[in-house]
Amino acid sequence: MSTSADWSCIFVHAGAGYHSQANEPQHLRACAMACKAAMALLRNGGSAVDGVEMALRSLEDNEITNSGFGSNLSLDGTVECDASIMEESGRSGAVGAVDSFKNPSALARLILDNSRRPMSLKRVPPILLAGPGARSYAAQFHFPTISNEQLVSYSAHQRWLKWKRELDAGPRSSARAQSSHRSSSRSRSQVRRNSTDTTVSTSSATKGELKKTETVPEDEDLVTDTVGAICVDRWGRVAAGSSSGGIGMKFRGRVGPAALIGVGTWIRSDEDGTVVASTCSGTGEQMAHTMIASKAVERMFESEDEFAGLQAAIERDFMGSGSTIVQQSNMSSAVGIMAIKFDKKAENKRIHFTYGHTTDSMALAHMNAAMKDPQTTMSRNKRNPKACMGGCPVQIHPT
């Protein structure tokens, strides 16, 4: 591998769903802040895993995302989170249905790091822990806990109250609410063409351009979903991760794709220097049935055109004939995938950044070591539920 280039890059998404026009600046600001936090570590010699963890922690601390503080509430009004981090080597650490941690991604990182350490009696270190077991594990390592109430934001509680009223009112009320959600208007602002099916608003996320605004009830976010990050450190090593509060009104103990390697996050590399990584968002149970993160990586890995490979994964493996479970489902079928592909040994050093989603919108950002500010993107789908695609090459400059 060449040592003349600094590969440092961070890619983040704030979920695939419906991001309201009113709250768009907040979502993009959250992505931009996550990129800047991760890049600060990378510029000071941090690893890819350091970058992913920092990006996820930043997103978890931001109320606008469905991760950590401000997550969707379960049926009984509590927060339960999932998170995972995976290295290019294949090692991973994950937590599911945890209710006592400010940053579940940090606990996933602890599990990842400890998976390298031998245990007494030749026991095998865990790579996924859930619920009370994860809390007991954290206590052994003096990992900080907080009360569940500290994870509940005002906005999340108001959503829970609204959804609870709809459930209590019966099926007709729920059906009307879902119909209203689907028919909500999706106005567009300044645009850049990425494909015939998508409208994208972009900006360089400077402090002055993305001022934090108050949530506007008249144009609320109707879907909030899993957040994710992919990081390349200066040496070209890759890590990826996901974090989520899960679907609203879920049963306690439900473990979603953010905790499941191969479903929400996946990385593949070979000896020739090619690396593909993905992190996904969407309807978790259907993502699990289709193993969509691993399918997307495999499609991109085997395709000369990473854009076409990702689109095939969405349209064939998730929405198409490759998945009768999704086709026959009476649930909403939604997926958003963010992925990268690059060749560490190539003369022209660049990372191919690609994303696709069947949802109304997807919020993303990316940043390399040469950029002063992250590039943020709010991709808006004109032909939902068909997939819209986007992306760009990110050039790697010599050191």
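**View 1. Asp 99 in the loop between β3 (92–98) and α3 (104–114)**. Asp 99 lies in the loop that runs between strand β3 and helix α3, helices (H or I, at least four residues) and strands (E, at least two) being DSSP runs numbered from the N terminus. The model is predicted, with local features requiring pLDDT of at least 70 and side-chain atom pairs counted only at pLDDT 80 or more, while totals for chains, interfaces and linings use all residues. Residues are numbered from 1 along each chain as its sequence is written, and side-chain values use heavy atoms, with hydrogens and water left out. Asp 99 counts as buried because its relative accessibility is 14%, the term buried meaning under 20% relative accessible area, exposed over 50% and partly exposed in between (1.4 Å probe, protein chains only). The side chains of Asp 99 and Ser 100 are joined by a polar contact of 2.7 Å, that is, a pair of N or O atoms within 3.5 Å, of which, within protein, one must be able to donate a hydrogen and the other to accept it, and residues adjacent in sequence count only if both atoms are side-chain atoms. Apart from neighbours within four places in sequence, Asp 99 is in contact (heavy atoms within 4.5 Å) with Val 79, Glu 80, Arg 135, Asn 148, Leu 151 and Arg 252.

View 2. Ten of the 13 residues of α2 are buried, so the helix is largely enclosed by the rest of the structure; among them are Val 49, Val 52, Leu 56 and Leu 59. The buried residues of α2 pack against β1 (9–17), α1 (24–42), β2 (81–87), α3, β7 (227–232) and β8 (238–244).

**View 3. The open sheet of five strands**. The strand order is β9-β10-β11-β12-β15, with antiparallel pairing, where two strands pair if DSSP finds at least two bridges between them. Strands β9 (265–269) and β15 (388–395) stand at the edges with a single partner strand each, so one side of each is left without a neighbour in the sheet. From one strand to the next, the twist averages 10°.

**View 4. Pairing of β12 (residues 350–357) with β15**. These strands pair in the antiparallel sense over eight bridges, and Tyr 355 stands opposite Gly 390 in β15.

**View 5. The hairpin of β9 and β10**. Strands β9 and β10 pair in the antiparallel sense over five bridges, with Trp 266 opposite Ser 278 in β10. Four residues lie between the two strands of the hairpin, and Gly 273 in the turn has a positive phi of about 100°.

Notes: Axes fitted to C-alpha atoms, helices over the stretch in contact; angles between N-to-C directions.
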